[in-house]
Amino acid sequence: MDLKSNHSSPVLTDPAPLSKSRLGLPSNITPCSPAALLYSSSGLYLTIPEILNGKHDDVLVNGWLDSMIASSPPRKKLNKDIISESQVDDNDAAYQTWIINYPSSLNSFHLITNDAKCKMIALFLDYDGTLSPIVDNPDLAFMSSAMRAAVKEAANYFPTAIISGRSCDKVHEFVKLSELYYAGSHGMDIMSPIRVSESFGDHPDCIKTTDRKGKEVHLFQPAREFLPMINEVYKSLIEITNNIVGVKVENNKFCVSVHYRNVDKKMWDQVGCCVFGLLKGFPRLRVTHGRKVLEVRPVIDWNKGKAVQFLLESLQLSQRDDVLPIYIGDDRTDEDAFKVLRESSRGFGILVSNVPKETNASYSLRDPSEVQEFLKSLVRWKKFTTSQTEDIATIKI
Ligand SMILES: O=P(O)(O)OC[C@H]1O[C@H](O[C@H]2O[C@H](CO)[C@@H](O)[C@H](O)[C@H]2O)[C@H](O)[C@@H](O)[C@@H]1O
């Protein structure tokens, strides 16, 4: 990736913003009744009752509503009283088949360390669902102190970055570790060390600033020009979803999350209608699906995968054959990072999931507690191999 040769903003040349195909809708259908949706990027001319009166026909429901449902698999029920034995068996059988292709990185730890022999591991960690368990209230997605200790210890041995959909500030508030690198807003807000190499240093979206400790750093914000638009959309979304019980709209600086986890399933189409309807007036914004969340973000060619490449370059690790990047994440947006690693044949992704999912990751872990165990195992292995190397060096002397 070379941004130096092209100093334009990484905005997609053909954004195809919110086309019907992008929404998964056939060409003869608009997401919501056109008469009901009169938005412009500078103002909103629609009241909630109008949206609620909009027709939600089958085709509409089979479009983004299906995506909303598909991206929100139910949490696995462990209580056998609630689901039948045969269902439990079916689910387990599907998982057991899936895990053959995406083995547990705890059970296949020897394969991973074999790969990592004589290499420097670079760790990339997603936050929600990876370092902290998924909870109903996004404001309460705290990380346990045991997990914090495991990440801190890992960062002592491997360059470690958090790449999250949340704003940098918010994820830093949760993680509270200054020894890490942070990429917020799905990688659209990166604070990285000052580079010796110039390939990003003089990019117009990359400025020099100081971090919380007063240290000089580079701040890379490829979507900076979208800030006023994102704020406008954030305010409008709060307003138009106001009547839908359980909706939560979260400002993540360069993107907005619209959560429907606590919304009655019957109302999900109305959440979708509000979001996709509003965005008809903002062709430079698009929606991606997360775990019971619609994420509104700029149509720019930037994602968590690009953020991984950017950080590897910033840390001057991208040209080295002896670096093994490992990315751990649970969400659809993490797939961009898994894909980058898979396609470059450098390192690999680990998907955090206890249900079978289509993925570009190579390994899996069931939940954040297994992530914690994996990080601790990596550190134990690293300490052991380092002490062995030191022993050999001592014998030679
Ligand atoms: O990239 P991530 O760090 O995984 O962030 C993705 C989104 O995570 C958060 O939402 C998710 O976790 C919440 C807390 O467990 C949960 O309530 C919600 O349903 C999940 O979608 C966060 O609130 C979003 O802003 C992030 O974009």
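This is a predicted model: local features need pLDDT of at least 70, side-chain atom pairs count only at pLDDT 80 or more; totals for chains, interfaces and linings use all residues.

Author: The ligand is surrounded by 22 residues, and the closest are Asp126, Val135, Glu250, Arg261 and Arg291. Residues are numbered from 1 along each chain as its sequence is written, and side-chain values use heavy atoms, with hydrogens and water left out.

By residue type, the shell around the ligand holds 10 charged, seven nonpolar and five polar residues. In this division Asp, Glu, Lys and Arg are charged; Ala, Val, Leu, Ile, Met, Phe, Trp, Tyr, Cys and Pro are nonpolar; and the others, Gly among them, are polar.

Asp126 places a polar side-chain atom 2.6 Å from a ligand oxygen. For Asn252, the distance from a polar side-chain atom to an oxygen atom of the ligand is 2.8 Å. In the side chain of Arg166, an N or O atom is 3.4 Å from an oxygen atom of the ligand. On its own the ligand has 570 Å² of accessible area, and the protein covers 99% of this. Such areas come from the Shrake-Rupley method with a 1.4 Å probe, and for residues only the protein chains shown count as cover.

The ligand takes up the space of the largest cavity. A cavity is a set of points, on a 1 Å grid over the protein atoms alone, where a 1.4 Å probe fits but cannot get out; a molecule sits in a cavity if more than half of its atoms lie within 2 Å of its grid points. Strand E10 (256–259) and strand E12 (293–298) are the elements that give two or more residues to the shell around the ligand. Strands are DSSP runs (E, at least two residues), as are helices (H or I, at least four), and both are numbered from the N terminus.

The loop between E9 and E10 is the place of Phe254. This residue counts as buried because its relative accessibility is 0%; buried means under 20% relative accessible area, exposed over 50%, and partly exposed in between, with a 1.4 Å probe and protein chains only. Phe254 and Arg297 are 43 residues apart along the chain, and their C-alpha atoms are separated by 6.7 Å.

The loop between helix H8 (227–240) and strand E9 (248–251) contains Thr241 and also Val247. Thr241 is buried because its relative accessibility is 4%, and its side chain reaches the backbone oxygen of Leu237 at 2.6 Å. Val247 counts as buried because its value is 17%. From Val247 to Val263 the C-alpha distance is 5.9 Å, across 16 residues in sequence.

Helix H10 (residues 304–314) is mostly covered, with nine of its 11 residues buried. Among them are Val308, Phe310, Leu311 and Leu312. At the start of H10, a side-chain oxygen of Asn303 comes within 2.8 Å of the backbone nitrogen of Gly305. Gln316 follows H10 and has a positive phi, near 60 degrees. Further on, the loop between H10 and strand E13 (323–329) holds Asp321, which is exposed because its relative accessible area is 74%.

Most residues other than glycine have a negative phi. Lys176 lies in the loop between helix H7 (168–175) and strand E5 (181–184) and is exposed because its relative accessibility is 57%. His186, also not a glycine, has a positive phi near 55 degrees. The place of His186 is in the loop between E5 and strand E6 (189–193); His186 is buried because its relative accessible area is 2%.

Tyr95 lies in helix H4 (residues 85–101) and is buried, with a relative accessible area of 2%. The C-alpha atoms of Tyr95 and Ser353 are 9.9 Å apart, although 258 residues separate the two along the chain.

Methods:
A residue is near a molecule or strand if one of its heavy atoms lies within 4 Å of it. A polar contact is a pair of N or O atoms within 3.5 Å; within protein, one must be able to donate a hydrogen and the other to accept it, and residues adjacent in sequence count only if both atoms are side-chain atoms. On a 1 Å grid over the protein atoms alone, a cavity is a set of points where a 1.4 Å probe fits but cannot get out, and a pocket is an open set with protein on both sides within 12 Å along at least five of seven lines; lining residues have an atom within 4 Å of a point.
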